[in-house]
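Have a look at the structure first, then read on.

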Amino acid sequence: MIYTTKNTSADFDWTEYFTRLHNGEIPSLDTHIYFQNIRHLLSENAHLLGLVLGDVLRKLLRGVQIKAEPRMLELGAGTGFLTRLLLTMYQGSGVLVDNCQTSYDAYNKVADKHADHITYVLQDLFTLELAETFDVVCSFGLIEHFKEKNEILSVHKQFCKEDGHMILVVPMDSFLTRAYYEVHPEINLGYRELLTKKTALEQLRASGLEPIRAEVSQGYVYDFLAILCK
């Protein structure tokens, strides 16, 4: 087996490596290059994420009646990736809420054809005041940062219409996801709880939400779970 490492022209022969190891030798291995190569393989990719998340959303929302031209709200929105994808699927308009100037600046760099249909609000989620409720309230990579989730989930419920839907997307506890965060220590800031499907559904029900369907991603650099709730 010949394995080509990134940032080097040399081919690494894993067969020889393990043969020598089996024979009691201590073969050399450039662990820095190997580590950097794993980081490269497990790097975020917006195009791939769009494909995988789009597939998950289509499965999640199969047979679900979403209002024509829906109004959407994304909490802890970052660049609004989830809302921008939902707008591609359902048209409508959206409000993104985040309290981070860096996220807002990043959004402005990637604002696309949906920019005219999106409003960005720089505000803390827990002091958020909006004069309307929404057909879809969603978040991607938000609730796992809260040890006690009742308050953050209540914000989702607060702004969701009675006949509306909530879409919650979180990194899922799996070997792949743990490996992803292990090789990207720079993003391991603050509290994060990786959730299994069973635990996530239990926590949502305990908070008064009604999970309708849950779907697990396939083919991305980490595993994530998308849950549709009422």
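Let's start with Asp 55, which counts as partly exposed at 32% relative accessibility. (Buried means under 20% relative accessible area, exposed means over 50%, and partly exposed is in between, using a 1.4 Å probe and protein chains only.) The side chain of Asp 55 meets that of Lys 59 in a salt bridge, 3.3 Å from N to O. For the term itself, think of a side-chain nitrogen of Lys or Arg within 4 Å of a carboxyl oxygen of Asp or Glu. Lys 59 is partly exposed too, with a relative accessible area of 32%.

Both residues sit in helix 3, four residues apart, or about one turn of the helix. An α-helix has 3.6 residues a turn, so residues three or four places apart point the same way. Helices (H or I, at least four residues) and strands (E, at least two) are DSSP runs, numbered from the N terminus.

Before going further, a word on what you're looking at: this is a predicted model, where local features need pLDDT of at least 70 and side-chain atom pairs count only at pLDDT 80 or more, while totals for chains, interfaces and linings use all residues. Residues are numbered from 1 along each chain as its sequence is written, and side-chain values use heavy atoms, leaving out hydrogens and water.

## Bridges across the chain

How many salt bridges does a search of the whole structure find? The search turns up eight. Another of them joins the side chains of Asp 135 and Lys 161, at 3.3 Å from N to O. This pair links distant parts of the chain, with Asp 135 in strand 6 (residues 134-140) and Lys 161 in strand 7 (residues 160-171), 26 residues apart. Asp 135 counts as buried at 7% relative accessibility, whereas Lys 161 is partly exposed at 25%.

Then there's Glu 193, whose side chain meets that of Lys 149 in a salt bridge of 2.4 Å, N to O. Glu 193 is in the loop between helix 7 (175-182) and helix 8 (197-206), and Lys 149 is in the loop between strand 6 and helix 6 (150-158), so the pair ties together parts 44 residues apart in sequence. Are these two buried or exposed? Both Glu 193 and Lys 149 are buried.

## The two sides of helix 8

Now for helix 8, whose buried residues are Ala 200, Leu 201 and Leu 204. They cover an arc of only 95° around the axis, so they lie on the same side of helix 8; the arc is that of the directions from the helix axis to the C-beta atoms. These buried residues pack against helix 6, strand 7, strand 8 (211-216) and strand 9 (224-229), where contact means heavy atoms within 4.5 Å.

On the face turned away from the buried side, helix 8 carries the exposed residues Lys 198 and Ala 206. Just after the helix, Gly 208 takes a positive phi of about 90°.

## Two residues in loops

Glu 69 has a phi near 50°, a positive value in a residue other than glycine. Glu 69 is found in the loop between helix 3 (46-60) and strand 3 (71-75), and counts as exposed at 54% relative accessibility.

Gln 91 also has a positive phi, near 65°, and isn't a glycine. Its place is in the loop between helix 4 (81-90) and strand 4 (93-98), where Gln 91 is partly exposed at 44%.
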